[in-house]
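Dear colleague,

I am handing over the structure below, and after it you will find an account of what turned up when I went through it. Please read the two side by side.

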Amino acid sequence: MFSYRHGFHAGNHADVLKHFVLVQLIQYLNQKDTAYTYVDTHAGAGLYALDSGYATKNAEFETGIGPLWGKTDLPPALAEYMNLIKEMNPSGKLRYYPGSPFCAEKILREQDRLRLFELHPSEIKVLSENFRKLDAHQAEQGKRPTVRGKRIIISDTDGFDSLKSLLPPPSRRALVLIDPPYEVKDDYRRVKSALDEAVKRFPSGTYAVWYPILQRMESRELPEKLKRVECKEWLNVSLSISGPAPDGFGLHSSGMFILNPPWTLVATLKEVMPYLVAVLGKDKQAKFEIQTGTPLTGQNPRFKK
Ligand code: SAM
């Protein structure tokens, strides 16, 4: 269970899709002053060095942030995400890649809250240490503290189980990212059941699920299952950088499934996804897909059309 280390994959094409969409979801929430809670059920280590340790093993960032770094023609929404990465790399050389907690922390406001869950005993230590360093750095610059106080809480409990205890959030506004490793089949089942429970408690939240697109049945079925979660609307976006490898190995495609997405997101994706395919695509099977819809079941009277 503890074999997964996100550092091996940091900054790859799947991270680019996930974090670019995450930034868009947060920017949308920032349009209103009212505070919100950002929940990261599977936080990882928060920040990754690309020039040492795990990330150098397969250099997966070369499929994602690598080719985008230094591009001067990024669509504006992708540039917002890139600006975060640039902030982490003030020397101008791509050395550090922020995971979802750091992407979020950079754009959440003083009044917003981060609730981060990470089960891996080593990853949570690194995550806490990374935030401690960020905190010290910000204090040096006279900026707001991050970990101190109630703004950020990092917990070593199970993210799927803990989510319900945070819903509904005090301000009745929340964004939840669910990003498990999917190394065990049960993660697919738990994503769906965590969401079913979450929307019962807090129907108007925005929920984003990252998922790998693989040959295994659980992976192929996940988006269809998520289309049944009771919400107002859903959006499913996927990015394939190539067709599947003949040996079936490697991750070439992934998706973000969003419940109750901002209405602006489709237009933004239509601008950015063709660019990502053009820059990151490896063969003629590189593509993106965007689907939207309303839940297939229509059981919840709150959401009757
Ligand atoms: N969200 C991170 C990002 O985008 O930077 C990456 C997270 S990584 C894909 C998944 C993480 O979830 C791993 O660090 C793993 O140790 C952790 N994990 C696995 N099962 C968990 C669970 N049930 N609750 C909380 N964390 C879990």
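In what follows, Ala, Val, Leu, Ile, Met, Phe, Trp, Tyr, Cys and Pro count as nonpolar, Asp, Glu, Lys and Arg as charged, and the others, Gly among them, as polar. With that division, the shell around the ligand consists of seven nonpolar, seven polar and six charged residues. Please keep in mind throughout that this is a predicted model.

The ligand is surrounded by 20 residues, of which His42, Gly44, Gly99, Ser100 and His120 are the closest. The unreviewed UniProt entry places the feature "binding site" at His19, His42, Ser100, Glu118, Asp158, Gly159 and Asp179, and I looked at two of these positions in more detail.

Histidine 19 counts as buried because 26 C-beta neighbours lie inside 10 Å, where 20 or more are required. Apart from neighbours within four places in sequence, histidine 19 is in contact with Tyr81, Ser100 and Cys103, and Ser100 is also listed by UniProt under "binding site".

The other, glutamate 118, sits in the loop that connects strand 4 (113-117) with helix 6 (121-140). Glutamate 118 is likewise buried, with 26 other C-beta atoms within 10 Å. Again leaving aside neighbours within four places in sequence, the contacts of glutamate 118 are Ala43, Gly44, Glu123, Ile124, Leu127 and Asp156.

Turning to the sheet, eight strands form an open arrangement in the order 5-4-1-6-7-9-8-10, with mixed pairing. Strand 5 (152-155) and strand 10 (287-293) each have a single partner strand and stand at the edges, so one side of each is left without a neighbour in the sheet. From one strand to the next, the twist averages 10°. Strand 1 (residues 37-40) and strand 4 run parallel and are joined by four bridges, and valine 39 stands opposite arginine 115 in strand 4.

Helix 9 (residues 217-226) lies across strand 7 (206-212), strand 8 (234-240) and strand 9 (253-259), and runs at about 165° to strand 7. Helix 10 (residues 265-280) lies across strand 8 and strand 10, running at about 165° to strand 10.

Leucine 163 is buried, with 23 other C-beta atoms within 10 Å, and beyond four places in sequence its contacts are Val39, Thr41, Val176, Ala194 and Ala198.

Finally, some points of backbone geometry may deserve a look. The peptide bond from leucine 167 to proline 168 is cis, with omega near -5°, and proline 168 is found in the loop between helix 7 and strand 6 (174-178). Alanine 59, although not a glycine, has a positive phi of about 45°; this alanine 59 lies in the loop between helix 2 (55-58) and helix 3 (65-68) and is partly exposed, with 13 other C-beta atoms within 10 Å. Tyrosine 182, also a residue other than glycine, has a positive phi near 60°, and is located in the loop between strand 6 and helix 8 (186-201), where tyrosine 182 is partly exposed, with 19 other C-beta atoms within 10 Å.

Technical notes: Residues are numbered from 1 along each chain as its sequence is written. This is a predicted model: local features need pLDDT of at least 70, side-chain atom pairs count only at pLDDT 80 or more; totals for chains, interfaces and linings use all residues. A residue is near a molecule or strand if its C-beta atom, placed from the backbone, lies within 6 Å of it. UniProt positions are given in the numbering used here, feature names are shortened, and annotations may be inferred rather than shown by experiment. A residue is buried if 20 or more other C-beta atoms lie within 10 Å of its own, exposed if 12 or fewer, and partly exposed in between; C-beta atoms are placed from the backbone. Two residues are in contact if their C-beta atoms, placed from the backbone, lie within 7 Å. Helices (H or I, at least four residues) and strands (E, at least two) are DSSP runs, numbered from the N terminus. Two strands pair if DSSP finds at least two bridges between them. Axes are lines fitted to C-alpha atoms, for helices over the stretch in contact, and angles run from 0 to 180 degrees between N-to-C directions.
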